[in-house]
Each structure stands twice: as structure tokens, then as C-alpha cells.
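User: Hey, can you walk me through this model? I'd like to go through it bit by bit.

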Amino acid sequence: VFDPLDQLSITTDYWYLRINDAVTPVDAQHALDASALGTPLPGIEVIHVNNDPTGPLLRLRVPTANLGRSENAGVDVLTQFSTNIDTTHITLSNDYARKFYTKTVPYPGAAQVDFLGDRGHPAWRMVNTGTIGASGHDVTLRNNIIAQQRKTPTPEAGGHMGSYSTYDVQYQWTHPWNGSIAVGALNVLNKDFPKDDNERRGDDQRVEELFSANGRMVY
């Protein structure tokens, strides 16, 4: 933590997370890749129409397996500035999270692969927040940004989903009866999330762990 000024604070955290003997479902695409290479995984079931390995897929059963070690590392940087002008207070902050790598084993027996930048694994995220208030009335504007990601690779296509930027707003009144009341909206501009059009139609095109399907939400 570094405080170069009374009004300015900078906090930096480096983090590293390792999981040994991670037991997770095998990624379906990598299970198919292993089968196509002639090294099918124990417990996997790949059935094609008319048993033709070059034909359409009829059924795929993916096992849960011990995939060995997974490793993630990154740095979080939080910068905060606050000041008062007469009876008005202003607070600005930038919260930046950067990952260096996200390494996992795609299927048993394979080497570690760095999935950073792939679907569901953005390299960075950032939140910018500004609050101005006086006499118990505060207005906050927050900007949330998620970096671009590679689409699900297919033999026919690749490409990227663009970065995603949304805005949240809130008004809060701190009343004289020992409490407060707030109203606001998440994703106030009703920004649609980026879609992975290499996937099937519908919600498969949404990265569920990153993007809400609700659009604007008022509270």
C-alpha cells in the first residue's frame, strides 16, 4: 500500500493460486480431440451417426477426471482518490485486475495449457467508480469493463468476442433517522453482451460466468 498524498492511495496485490489433483469434468471439445487423435479417455463415450467417425455426432458422454494441477496468477491494483471542495466530497477509484496465466490440464495425460484470453478467461477486468455528494445526497457512476476473449475455436472459424463495457448508476440519501435509502440501475444503458457465434444459437453463445442475460436491472 502506497499513499503518496493524503487524498491518494494505491494498493497492489500479487496473487498465485495452485490446485493439486483438480477433479473436474473433462472439456467436451478436448475429449473429442483426444478421441479423434486415437487416444480416447477412460469413461468417455463418443458415438457418431452410423458409427462413421467423420459423420455428425450423435452422443457424447464426458467423464469427471483428476486433471492434475491447475495454476493461476495475477495482480490487482486499486487506486483511490478522495477530496472535499467546501461541503462537497468527491471520490474516484480504479480497480484493475490482470491475470498472468491460467494453466490447466485439458484431459488426463496431457500437458498444462494456458487458456488465458480464451472464452471465459479474459486477461483483465477493470472497474472505474466516481461518487460526488453533499448534505447526505450521493450520486455514484460505475463503469465495468471486461477484456475481449477468443471465441470457441472451430475448424471453420475463430475470431474474438469484443470487450464489454457497462455502466451502473446509484443515488443514495442518508436520512436523519439513522439510515439511508438508495435507488439505482445496473447496466443502465441495457448493453447487450458479446456473443460467441461459433457456438449454437441461444444461451450457448453467452459466457455465463461473466455476462448476465438480464440486461438493465433497476433496484
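**Surface, core and salt bridges**

Analyst: Let's start with Gly-202, which is exposed, with a relative accessible area of 52% (exposed is over 50%, buried is under 20%, partly exposed is in between, with a 1.4 Å probe and protein chains only). This is a predicted model, where local features need pLDDT of at least 70 and side-chain atom pairs count only at pLDDT 80 or more, while totals for chains, interfaces and linings use all residues. Residues are numbered from 1 along each chain as its sequence is written, and side-chain values use heavy atoms, leaving out hydrogens and water.

User: Where is Gly-202 in the fold?

Analyst: Gly-202 sits in the loop between β15 (179-186) and β16 (217-218); strands are DSSP runs of E, at least two residues, numbered from the N terminus.

User: OK, inside now. Which residues make up the largest nonpolar core?

Analyst: There are 8 residues in that one: Val-26, Ala-31, Ala-34, Ile-44, Ala-65, Leu-67, Val-105 and Tyr-107. A core here is a set of buried Ala, Val, Leu, Ile, Met, Phe, Trp, Tyr and Cys residues joined through side-chain atoms within 4.5 Å. A second, separate core has 7 residues, including Phe-193 and Phe-211.

User: And what does Ala-65 touch?

Analyst: Leaving aside residues up to four places away in sequence, Ala-65 touches Ala-22, Val-23, Thr-24, Val-26 and Pro-108 (contact means heavy atoms within 4.5 Å).

User: Switching topic: how many salt bridges does the structure hold?

Analyst: It holds 7, counting a side-chain nitrogen of Lys or Arg within 4 Å of a carboxyl oxygen of Asp or Glu. One of them joins Arg-142 and Asp-168, 3.0 Å from N to O. That pair links distant parts of the chain, with Arg-142 in strand β11 and Asp-168 in strand β14 (residues 164-175), 26 residues apart.

User: Is Asp-168 buried or exposed?

Analyst: Asp-168 counts as buried, at 8% relative accessibility, whereas Arg-142 is partly exposed at 29%.

User: What about Glu-45 and Arg-61, how far apart are the closest N and O atoms?

Analyst: Those atoms are 4.0 Å apart in the Glu-45 to Arg-61 salt bridge. Glu-45 lies in strand β4 (residues 45-48) and Arg-61 in strand β5 (residues 57-61), so the bridge ties together parts that are 16 residues apart in sequence.

User: Which residues are linked with them in a network?

Analyst: Arg-59 joins Glu-45 and Arg-61 in a network of salt bridges.

Technical notes: Helix = DSSP H or I, 4+ residues; strand = E, 2+ residues; numbered from the N terminus.
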